Amino acid sequence: MTNTERPLAISAPEPRTLDLIFTDTARAELHAKYEIVEADPENIAGLGDEILGRARYIIGQPPLSAETLARMPALRSILNVESNLLNNMPYEVLFQRGVHVVTTGQVFAEPVAEIGLGFALALARGIVDADVAFREGSELWGGEGNASARLIAGSEIGIVGFGDLGKALRRLLSGFRARIRVFDPWLPRSILEENGVEPASLEDVLTKSDFVFVVAAVTSENRGFLGTEAFASMRRGAAFILLSRADVVDFDALMAAVSSGQIVAASDVYPQEPLPPDHPVRSLKGFIRSAHRAGALDSAFKKMGDMVLEDMDLMDRGLPPMRCKRAERETVSRMRSKPVAVN
């Protein structure tokens, strides 16, 4: 089979790489079935009409103009393997043409949910502080070391946002016999109820929870919507666990709430990444820190490649993509996430 007989796919997966998201076997299959043209994401327009005219797929989410898309009549799908939907292409044009824009972000749901549960357990039982005290020789034994400890079992839990990550988190928490309230203005009550959670207002999630998990995507409407008033309304000593994007909180207000003893917190994300060495959150007591590593497991990355191959095979056969999540016309332009660097 010659290159001209194989469908052409433009590879521009930054900040990922093909080696990161495909196993050796899957990458061999990709190259056997498709002509792969590797490209600079910032210069797709420079590829020339011969390549653009034949391109059936784009692996990545490079910035695209309406003019560039007009030169790509064979395009069927943009397979976003960064997983944040950036507002860097004319989505309306893509929807009008029936080009599928899909994302592999759901591969991160389970690993991020697991680290979120780890944060909650660590905060509830003082695991990190107890370990540090033991290392320093200042540990408290038995009940003396549990002055602020509490159980997740039977507690009241709030979740802000209920996409793939929220659903994965709910599954992990189901064994704790907790009352789980969820605030997600993009979902009807019935979907929340079908998933075994209680639909609630943001106020109820904040004021009635022992643990609050924030897994909401960043949109044009919710930047910094969790600030001083939100943290002040929480139960004193409640745990606030940030797993999605730092832009949904006023990070200075979050640090102030932890510093005052109003709440304890954990976060895997920050307003600037990497953080400066002198950032005050680094030394903030009552705050567990993780360097945006919650979902960055090789097993998750490799699932991306499998999903991409399966959906490309479906579309080759005239069927819609089913493994990746499709961007929605009504919401995609409201997303405001930033891409995450991969070292």
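This is a predicted model: local features need pLDDT of at least 70, side-chain atom pairs count only at pLDDT 80 or more; totals for chains, interfaces and linings use all residues.
Start your tour by selecting Val248, which sits in the loop between β10 (238–242) and α12 (251–259). Residues are numbered from 1 along each chain as its sequence is written, and side-chain values use heavy atoms, with hydrogens and water left out.

**Stop 1: around Val248**

Is Val248 buried or exposed? Val248 counts as buried because its relative accessibility is 0%. Buried means under 20% relative accessible area, exposed means over 50%, and partly exposed lies in between (1.4 Å probe, protein chains only).

Now show what surrounds Val248. Leaving aside neighbours within four places in sequence, Val248 is in contact with Val214, Ala216, Ala217, Val218, Asn222, Gly224, Phe225, Leu226 and Leu242. Contact means heavy atoms within 4.5 Å. Pick Ala216 from that group: Ala216 and Val248 are 32 residues apart in sequence, with 7.6 Å from C-alpha to C-alpha.

**Stop 2: two domains**

Zoom out and colour domain 1 (8–104 + 298–333) and domain 2 (108–289), as the domain assignment gives them. Such bounds come from an automatic or database domain assignment. The centres of the two domains, taken over C-alpha atoms, are separated by 34 Å.

Next, look at where the domains meet. Eight residues of domain 1 are in contact with five residues of domain 2. The area buried between the domains is about 510 Å², and carbon and sulfur atoms give 57% of that area. Buried area is the accessible area (1.4 Å probe) that two parts lose on being put together, summed over both.

Which side chains meet in a salt bridge? Select Lys325 and Asp164: their side chains form a salt bridge at 2.8 Å, N to O. A salt bridge is a side-chain nitrogen of Lys or Arg within 4 Å of a carboxyl oxygen of Asp or Glu. The rule finds one salt bridge across the interface of domain 1 and domain 2. Now highlight helix α13 (residues 298–316), which gives three residues, the largest share of the side of domain 1 that touches domain 2.

**Stop 3**

Go to Ser83, in the loop between β4 (77–80) and α5 (91–97). Ser83 has a positive phi of about 95°, although it is not a glycine. Ser83 counts as buried because its relative accessibility is 15%. Not counting residues up to four places away in sequence, Ser83 touches Thr103, Thr104, Gly105, Phe108 and Met304. For a close-up, display Gly105: its backbone nitrogen lies 3.3 Å from a polar atom of the Ser83 side chain.

Then jump to Arg177, in the loop between α8 (164–173) and β7 (179–183). Arg177 also is not a glycine, and has a positive phi of about 55°. Arg177 is exposed, with a relative accessible area of 64%.

**Stop 4: two cis peptide bonds**

Finish with two prolines. Pro15 lies in the loop between β1 (8–12) and α1 (18–21), and the peptide bond from Glu14 to Pro15 is cis, with omega near 10°. Pro274 is found in the loop between β11 (263–267) and β12 (287–289). The peptide bond from Glu273 to Pro274 is cis, with omega near -5°.

Definitions and conventions:
Helices (H or I, at least four residues) and strands (E, at least two) are DSSP runs, numbered from the N terminus. A polar contact is a pair of N or O atoms within 3.5 Å; within protein, one must be able to donate a hydrogen and the other to accept it, and residues adjacent in sequence count only if both atoms are side-chain atoms.
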